[in-house]
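Please look over the model shown below, which is a predicted one. The questions that follow take up pairing between strands, then the surface near the DNA, then the relation between the chains.

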Protein chains: 2
Amino acid sequence: MAENSTGGESLLFLTDENLRKGIEAMFFAYRGFTSDPDRILEGLDYGRAHHRAVHFINRSPGTTVGNLLAVLGVTKQSLNRVLRALFDDGLVEARVGRADKRERHLYLTDKGAALERALSDAQRARMRAAYRAAGPVAVQGFRTVLEAMMDPEQRRQYQGLKESGA
Amino acid sequence: MAENSTGGESLLFLTDENLRKGIEAMFFAYRGFTSDPDRILEGLDYGRAHHRAVHFINRSPGTTVGNLLAVLGVTKQSLNRVLRALFDDGLVEARVGRADKRERHLYLTDKGAALERALSDAQRARMRAAYRAAGPVAVQGFRTVLEAMMDPEQRRQYQGLKESGA
DNA sequence: GAATTTACGTCAGTGTTGTTGACATTCCAA
DNA sequence: TTGGAATGTCAACAACACTGACGTAAATTC
């Protein structure tokens, strides 16, 4: 799993100073990462929470409220407030489950899909620029480190849709 | 700038699907990234905002309130609430500037340094584990992509202390 | 020396997003 | 039929951000 192929001295990349730089890189990069969607959302009556909900409903159409709770890691009360706004504004619709009628399966409406596209276009544009500037090898490393940084359950959520479309 | 050395096909890493995976990796990894300090902070009367203040005061002892505002990217009212709590609890002290008496230079007390150490130990432990699992090449790529993702001003803040100790 | 700007602090109000706790409904499963 | 799971909703609250307005002291500029 590790790549300690260059012997003992390769551990120089694990100094406290290097780790601190990594921590700050996460902090500053995450700010940039969220800034473009945030700009779009301000003015509309939505925030980051709405963005996240719309993103994951788009990723997994027909997902249930329970699934979404697990992915987003918030309480149902918190998610409910967000979903209600999206329902009321006609961005998301819920269909009662066929197999289990307690479940609500969530779908984006055309209007919701349009917002999702606007938000993810902005976020992807920044991502694409960063990827292009860094190159494919760096991108591979980027993904590897981020994956290793996740909690096991978060990692499962992340990997769970590598090939499963729905 | 770019590393398109392998010809046209190397652009496969820029597909929308790959970019979406990168976006979700940022989301899930950031949750892991903040979870350990968050656990320590809950129970104490502090939150992430206090963590960030303590982190950057530790990184740059003697920094002014204005500097901190620029680094953290928040309003002075927001920062002031946080700093007041840290003053009152004796974690941070402010010394009037010698050259410019309007400025307040911020320093961690022993007590503040102890909290900073507890928080950053936890965060570094996760970072170290991720770095070790991913290896030095991946870490290099990780840093490169994150840096490319920052806004120019954030990047300046980030790079501004690569060698300058104070 | 007076006027302006800078650095900082503070009061008051507001909004987003998260939290607990409590309770109701619907429906699957034993 | 009863217990528990999935969902929705109400109320209260906390952390953390924001804007706007005002005040003070010190530095700078004219």
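Q: Which residue of β3(B) is the bridge partner of R95(B)?
A: In this predicted model, β2(B) and strand β3 of chain B, residues 104–108, run antiparallel and are joined by 5 bridges. Within β3(B), the residue that partners R95(B) in a bridge is H105(B).

Q: Which strands of the sheet in chain B stand at the edges?
A: The open sheet of chain B has 3 strands with antiparallel pairing, in the order β1-β3-β2. Two of these strands have a single partner strand each, so that one side of each is left without a neighbour in the sheet, and these edge strands are β1 (63–64) and β2 (92–96).

Q: Which element supplies the largest share of the surface near DNA strand C?
A: Helices of both chains contribute at least two residues each to this surface, namely α2 (48–59) and α4 (76–88) of chain A along with α3 (65–72) and α4 (76–88) of chain B. The largest share, 4 residues, is that of α4(B).

Q: What kind of axis relates chain A to chain B?
A: Chain A is superposed on chain B by a rotation of 180° with 0.0 Å of shift along the axis, at an RMSD of 0.0 Å. That is the relation of a two-fold axis.

Q: Which residue of chain A has the C-alpha nearest the axis?
A: Of the contact residues of chain A, 100% recur in chain B, and the same surface thus serves both copies. In chain A, the C-alpha nearest the axis lies 1.8 Å from it and is that of F142(A).

Key: Residues are numbered from 1 along each chain as its sequence is written. Chains are lettered from A and ligands numbered from 1 in the order in which they are written. This is a predicted model: local features need pLDDT of at least 70, side-chain atom pairs count only at pLDDT 80 or more; totals for chains, interfaces and linings use all residues. Copies are superposed by least squares on the C-alpha atoms of residues with pLDDT of at least 70 in both. Two residues are in contact if their C-beta atoms, placed from the backbone, lie within 7 Å. Two strands pair if DSSP finds at least two bridges between them.
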